[in-house]
Amino acid sequence: STVAPSLPVTPALPAMPRPEQVMALPPELRTQLQAQVIDGGGSRRSRLERLAGFLFKKTGLGMEYAVDATYTVEQAYRTRKANCLTFTLLTVALAREAGLDAYGQELLDVVSWRAEQDVVYGFNHVNAGILIGQSHYTIDVARDLLVARSPPQRITDEHLLALYYNNRAAELLVGASPAVADPYMAMALQLAPHYPSAWANAGVLSLRKGDRATAERDYLKALALDPENSSALVNLMTLYRDGGEEAKRATYARRLEKIQAKDPYFAFVQAEGAAREGDYEAAAQHYRQAIRLYDKEPRFFTGLAHAYQQLGKERAAESALNRAATLGRSTAGN
């Protein structure tokens, strides 16, 4: 008799968690939190300080930042890894268990998109806010990795959970398939039907399924909610370019150019790209443009200083570094 060759087994992805499961604390984590944070008593401020130590120190959870770790609270506890969204979910859940008034916060104007395979995915940064009396505190795992100019905005739990499903959909679309990403995208839109980036990412998903008409509708929905949504604009332009609709592509290209001309973050991204390519003259030009549009971000000046150093302009580099240091001290004091 002949034996059929065995086929490689692809490990099954876990089932999509329900919204109430995303922030649920496993019993072991609840026990650890009780012993290391809650039992210490004292003021809410001292409890918050112990919570921060619990999150970061090796004697507690020792959480590590990982950009692609969009996990539930339980998965974050098991792996000790989290991106900014998962870290926010974890922090809010733990803080509430410890009797603190905690909530998610969103920063809308960070450098917040990622390009892969000619497709742009939109993301916004989130962190955890804690209110004690009249004082607001923020716990942010990725503060040093970000460029942002406005304070974070408090968001509802529904919106925070929608961000989880939106991120997972985008991750699964890159690493798995549209069918696997589908339910996550549907849940994101159900929880936050007015969230532009979710609609932009839904358009990417529709296009991957071969549904060009729905992709166009999704991108246009994102732009109806946010006329300056860059990821929707870029993806819509790509859609029209690939479909040979040059007049439509040009219309949205003009819109994008107007937005980018006043966007310091776009200039910053261009500067970083030019620096990576070794074109420091172009990098310096883009850094200066970013600074003209927004002169309160120390990283713009740090980048400019590096470009000047490469160009042999030591005095200009020193001046830019001094400005970066001044702004850094000012930011640290806020």
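User: Over how many bridges do E6 and E7 pair in the antiparallel sense?
Analyst: Happy to start there: this is a predicted model, in which local features need pLDDT of at least 70 and side-chain atom pairs count only at pLDDT 80 or more, while totals for chains, interfaces and linings use all residues. Residues are numbered from 1 along each chain as its sequence is written, and side-chain values use heavy atoms, with hydrogens and water left out. Strands (E, at least two residues) and helices (H or I, at least four) are DSSP runs numbered from the N terminus, and two strands pair if DSSP finds at least two bridges between them. For E6 and E7, which pair in the antiparallel sense, the number of bridges is 5.

User: Which residue in the turn between E6 and E7 has a positive phi?
Analyst: Along this pairing, Ala128 has Ile139 in E7 as its bridge partner, and Ile132 stands opposite Ser135 in E7. The two strands form a hairpin with 2 residues between them. The positive phi, about 65 degrees, belongs to a residue in that turn, Gly133.

User: What is the strand order of the open sheet of 4 strands?
Analyst: Let's build it up from the pairs. E3 and E6 pair in the antiparallel sense over 7 bridges, with Gln105 opposite Asn127 in E6. On E3 (residues 101–107), 3 bridges make an antiparallel join to E8, and Gly104 has its bridge partner there in Ile155. Put together with antiparallel pairing, the order is E7-E6-E3-E8.

User: Which are the edge strands, each pairing on one side only?
Analyst: Neighbouring strands of this sheet are turned by 45 degrees against each other on average, direction ignored. The strands that pair on one side only are E7 (135–139) and E8 (153–155).

User: At about what angle does helix H3 run to E7?
Analyst: Axes are lines fitted to C-alpha atoms, for helices over the stretch in contact, and angles run from 0 to 180 degrees between N-to-C directions. Helix H3 (residues 44–56) lies across E6 (125–132) and E7, and its angle to E7 is about 5 degrees.

User: Which strands does helix H5 touch?
Analyst: Contact here means heavy atoms within 4.5 Å. Helix H5 (residues 84–97) packs on the sheet, and its direction makes about 20 degrees with that of E6. The strands touched are E3, E6 and E7.

User: Which residues do salt bridges with shared partners join into one network?
Analyst: A search of the whole structure finds 20 salt bridges. One of them joins Asp242 and Arg241 at 3.1 Å, N to O. The network joined through shared partners is made of Arg212, Glu216, Glu245 and Lys248.

Methods. A salt bridge is a side-chain nitrogen of Lys or Arg within 4 Å of a carboxyl oxygen of Asp or Glu.
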